[in-house]
Amino acid sequence: QVQLGESGGGLVQAGGSLRLSCAASGRTFSSYTMGWFRQAPGKEREFVAAISWSGDSTYVDSVKGRFTISRDNAKNTVYLQMNSLKPEDTAVYFCAAGRYLRMDVITPGYWGQGTQVTVSS
């Protein structure tokens, strides 16, 4: 069982940066693939990025070159560094834990409650 809690969301101007954090409970954190999803108002939830236990990562095309996912297994924490933010990045961002790197295909089993990111133009 894994419990997840996000933090770091907020309001930022276009072109700015934010870093999201997701703290996980459980001693098996390092064995999970961790990821981020987002859901904008009126839209379906969208995969953003994922990182395996060994550090392999994958991103949705729209954030490549702007967002970076990382993890600190000693702190049971995964991060999402978001740079060059755009208004279309506005969404609730959710942390997720699963067994497979292809979180865009295989839905992870554990979810946080989300943190709001708002990018103003």
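A residue counts as buried under 20% relative accessible area, as exposed over 50%, and as partly exposed in between. In this predicted model, Glu46 has a relative accessibility of 30% and is therefore classed as partly exposed. Its salt-bridge partner is Arg38, with the closest N and O atoms 2.7 Å apart. Arg38 has a relative accessible area of 6%, so this residue is buried. The two residues also face each other across a pair of strands, Arg38 standing opposite Glu46 in E5.

The strands concerned, E4 and E5, pair in the antiparallel sense over five bridges. Another of the facing positions is that of Phe37, which stands opposite Phe47 in E5. The hairpin of E4 and E5 has six residues between the strands, and within this hairpin Gly42 adopts a positive phi near 75°. On E4, six of the seven residues are buried, so this strand is largely enclosed by the rest of the structure. E5 is likewise mostly covered, five of its six residues being buried.

Ser57 in E6 is the bridge partner of Ile51. Five residues lie between the strands in the hairpin of E5 and E6, where Gly55 takes a positive phi near 105°.

In soluble globular proteins, nonpolar side chains tend to be buried together. The largest nonpolar core of the model comprises 35 residues, and Met34, Trp36, Leu80, Met82 and Tyr93 have the most contacts inside it. Two or more residues are given to this core by each of strands E3 (18-24), E4 (33-39), E5 (46-51), E7 (67-72), E8 (77-82), E9 (91-98) and E11 (115-120). For Leu80, leaving aside neighbours within four places in sequence, the contacts are Leu18, Arg19, Leu20, Trp36, Val48, Ala49, Phe67, Thr68, Ile69 and Tyr93.

The count of salt bridges comes to five. Arg66 and Asp89 are both buried. Arg38, Glu46, Arg66 and Asp89 are linked in a network of salt bridges.

A further salt bridge joins the side chains of Arg102 and Asp104, at 2.8 Å from N to O. Arg102 counts as partly exposed because its relative accessibility is 45%, and Asp104 falls in the partly exposed class because its value is 42%. Val105 is located in the loop between E9 and strand E10 (110-111). With a relative accessibility of 57%, Val105 is classed as exposed. Together with Tyr100 and Ile106, Val105 makes a nonpolar surface patch of about 300 Å².

Note on methods
Residues numbered from 1 in each chain as written. Predicted model: local features only at pLDDT ≥ 70, side-chain atom pairs only at ≥ 80, totals over all residues. Heavy atoms only, no water. Core = buried A, V, L, I, M, F, W, Y, C linked by side-chain atoms within 4.5 Å. Buried < 20%, exposed > 50% of the residue type's maximum accessible area, 1.4 Å probe, protein only. Helix = DSSP H or I, 4+ residues; strand = E, 2+ residues; numbered from the N terminus. Contact = heavy atoms within 4.5 Å. Patch = residues over 30% accessible without salt bridge, like charges linked within 9 Å, V, L, I, M, F, W, Y side chains within 5 Å. Areas by Shrake-Rupley, 256 points an atom, 1.4 Å probe, with all protein chains shown as cover. Salt bridge = Lys/Arg side-chain N within 4 Å of Asp/Glu carboxyl O. Pairing = 2+ DSSP bridges.
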